[in-house]
Amino acid sequence: MAVTLPPGLPREALRKDAARNGLTRSRAAGRILRTATAAALAVWFVLPLVPLGLWVFADRWSYPAPLPQHWGLENVDSALSRGAATGFAGSLALGLAVSALATPLGVLAARSLAFHPSRWSALFSALLFAPLALPAFVTVFGLNVLLVRLQVPSSAGVVLVLTAYALPYTTYVMRLAFGAHDLGFEEEACTLGATRGQVFLRVQLPLIAPALARAAFLAFLVGWSDYLVTVLIGGGSLVTVPLLVASAAAGTGNDGIVAVLSLIALAPPLALLLFAGMTGRRRPGARP
Amino acid sequence: MRQGLVVQGLSKSFKGAPHPALEEFSLSLAPGSCTAVLGPSGSGKSTLLRTVAGLEIPDRGSVLLDGQDLATVRPERRGMAMVFQRPLLFPHLNVLDNVAFAARIRGVPRRRARADAESFLELVQMQGTGRRAVTGLSGGQQQRVAIARGLAARPAVLLLDEPFSALDPELRSAMHELLSHVREQLNPMVLMVTHDRDEASAVADQLALISEGTLLQHSSVEAMYTRPVSLQVSRLMGGTNEVPGTIRGGVHYSALGAHALPADHPWAEGPATLLIRPERIIVLEDHNPGLPAVITRIRARGPRRLMTVEAAGVTLNAEETTCPHPAPGDTVRLQLPTSALAAVAPQPTAETSALISPTPKVPA
């Protein structure tokens, strides 16, 4: 807002006065504090990745040397020979499968809870969130017996159990989104001539897309990062990156290989997160 | 052939509601007409509009458009565009694509749909804003775009659900002008609901007064003000002067004397309440001919003055005066023009009188 100052009162004098009486001091201090906190958090997140990055290219790095003595790609070769590519493909397939199943199921559950509340809603919510409350180890052991008796293929069993574990996350995220969703948009589209399918594709889907992406991302993470269910129910039939990381970390002298596998495990979620962050910043409605 | 919109005996109840939202509601709209359904909050106006649009399923009754019963026609096939109180512009589309929405879902190529949308934006004086994000528009601009979007769907009936009630008075006047302009240009059939008498009178040529889901009167704007069919209608339309008496031979006899009623209407003989709107009573200085009265109270209403006068033991409210400086206690003369008089059956039952507002003879 433009402010017209009285004649003879320069803007600089006003600013000095404000600084002297403390009107602007707290705001500046707050800004410095915020910047410092953000920088500390960035360091906190990035710092553990630095030794990992160094280990990837360290053919030899002995204590107490601050940096690797020999640089090279031996660790990468070793990781690949231990099945890093297969593990990557397995994790990717598992993450995508869990995401593909848990996201639409979460949408349906959330929509039902948001728009069709009943006296059973609380019970359904409790059942949906039960997998998070129960100890995974106990549940997975119990389910393993059941799946074996039902002769469910182990890979399918892994996907099914992880989908159940991802469902609370997707339901929660979508429930929040539907809570803020205005059904008036759908009614408006309807009176403008849109069929149910068109309302879903052209109105509902774009409006819930950011939440849908978040839900899908969380479900993907559940599948991508799982170890326990893959080991116990998969029984070795499914090789994923977390299994390889655990296997390599159990041995000695595998620091470099563990670093390569860990970075492989980090890359897809990080890339997805960055992608979601960048697309989420687009100005609404400004698309030509 | 266009026969207009006919609503027949529409009834709708909601679970837990104390009374039906609509009760045997019937209404006819001629092609090209603009009808405003006027009523207080909770009277069933929006339910009527939503039922006509197909967004609510009535318990009984039917909606006919050009003779076709719409009972089995889905909302998207009814050819009725609705503009709500909130503009509900799709936030993921820009202004132009919002207006082009109906054409795009009909399968019209994007380029042609956008060109068409441009012409509707021009109609609502929003040309040049097509590429803007809808979130960057003001409330009035958003409502203009919403109207353009509704019109671009080329509806058989344009349904307006209190579309201007969230706007400030100046903007509302501008939107009333805009609606008149749109009607001149496209002559659409418009069914609008509002709780604002002035707005209804400004934009519509027919008014339908609704209370507790029941149609009280459907008539021209002027008739609604000057020939209310009941005390309830008179009161809902802002009438505050009610004089009990009797009609004999087209003349109303009361404490105010004998007053001939307009000859263009058959007045039923017997007990009747004489009605005259405050703005139609002429207040003159004491030396003029007329009914002697004393000013008991004066209140300013912006540029107007609202006077309470006492004449022959009857309290009346009046707005106009030729007196230069009226003051409480002054003696004045009242003239009640015959053309401004109407009479209705006396006070209705207690249950209907409880609904009426404002309170008679004591303006808020």
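Chain B has a mean pLDDT of 89, with 94% of its residues at 70 or more; pLDDT is the predictor's confidence in each residue, from 0 to 100. This is a predicted model, in which local features need pLDDT of at least 70 and side-chain atom pairs count only at pLDDT 80 or more, while totals for chains, interfaces and linings use all residues. Residues are numbered from 1 along each chain as its sequence is written, and chains are lettered from A and ligands numbered from 1 in the order in which they are written. For the model, the scores are ipTM 0.81 and pTM 0.77.

Let us stay with confidence in chain B for a moment. Helices (H or I, at least four residues) and strands (E, at least two) are DSSP runs, numbered from the N terminus. Over residues 349-364 of chain B, pLDDT stays under 50, and the model has 23 contacts beyond four places in sequence for this stretch. Two residues are in contact if their C-beta atoms, placed from the backbone, lie within 7 Å. Where pLDDT is low, the predicted coordinates should not be read in detail.

Now for the overall build of chain B. Its secondary structure comes to 10 helices and 21 strands, and its C-alpha atoms fill a box of roughly 75 × 45 × 40 Å along the principal axes. Of the 364 residues in chain B, 44% are buried. A residue is buried if 20 or more other C-beta atoms lie within 10 Å of its own, exposed if 12 or fewer, and partly exposed in between, with C-beta atoms placed from the backbone. Among contacts in chain B between residues at least 6 apart in sequence, 68% join residues at least 24 apart.

Next come the sheets. Strands of a sheet pair through backbone hydrogen bonds, either parallel or antiparallel. Two strands count as paired if DSSP finds at least two bridges between them. In chain B, six strands make an open sheet with mixed pairing, in the order E6-E7-E8-E3-E9-E10. E6 and strand E10 (214-220) of chain B are at the edges with a single partner strand each, so one side of each has no neighbour in the sheet. On average, neighbouring strands of this sheet are turned by 15 degrees against each other, direction ignored; the axes are lines fitted to C-alpha atoms, for helices over the stretch in contact, and angles run from 0 to 180 degrees between N-to-C directions. Strand E9 (residues 206-211) of chain B runs antiparallel to E10(B), joined by six bridges. One residue pair to look for is B:Gln206 with its bridge partner in E10(B), B:Ser220.

Another open sheet in chain B has five strands with antiparallel pairing, ordered E13-E12-E11-E14-E21. Its edge strands are E13 (257-260) and E21 (342-344) of chain B, each pairing on one side only. From one strand to the next, the twist averages 40 degrees. Within this sheet, strand E11 (residues 242-248) and strand E14 (residues 270-275) of chain B pair in the antiparallel sense over six bridges. B:Gly245 has B:Ala272 in E14(B) as its bridge partner.

Is B:Ser119 buried or exposed? B:Ser119 lies in helix H4 (residues 110-123) of chain B, and it counts as exposed because it has 12 C-beta neighbours inside 10 Å. The C-alpha atoms of B:Ser119 and B:Ile282 are separated by 49 Å, and these residues are 163 apart along the chain.

Chain A has 13 helices and two strands. Of its 288 residues, 32% count as buried. The mean pLDDT of chain A is 85, and 88% of its residues reach 70 or more. Confidence in chain A is highest in helix H5 (residues 84-115), at a mean of 94, and lowest in helix H1 (residues 11-20), at 61.

Finally, where do the two chains meet? The contact takes 21 residues from chain A and 25 residues from chain B. On the side of chain B that touches chain A, strand E6 (80-83) and helix H3 (101-105) of chain B each supply at least two residues. The residues of this side divide into 17 nonpolar, three polar and five charged. Here Ala, Val, Leu, Ile, Met, Phe, Trp, Tyr, Cys and Pro count as nonpolar, Asp, Glu, Lys and Arg as charged, and the others, Gly among them, as polar.
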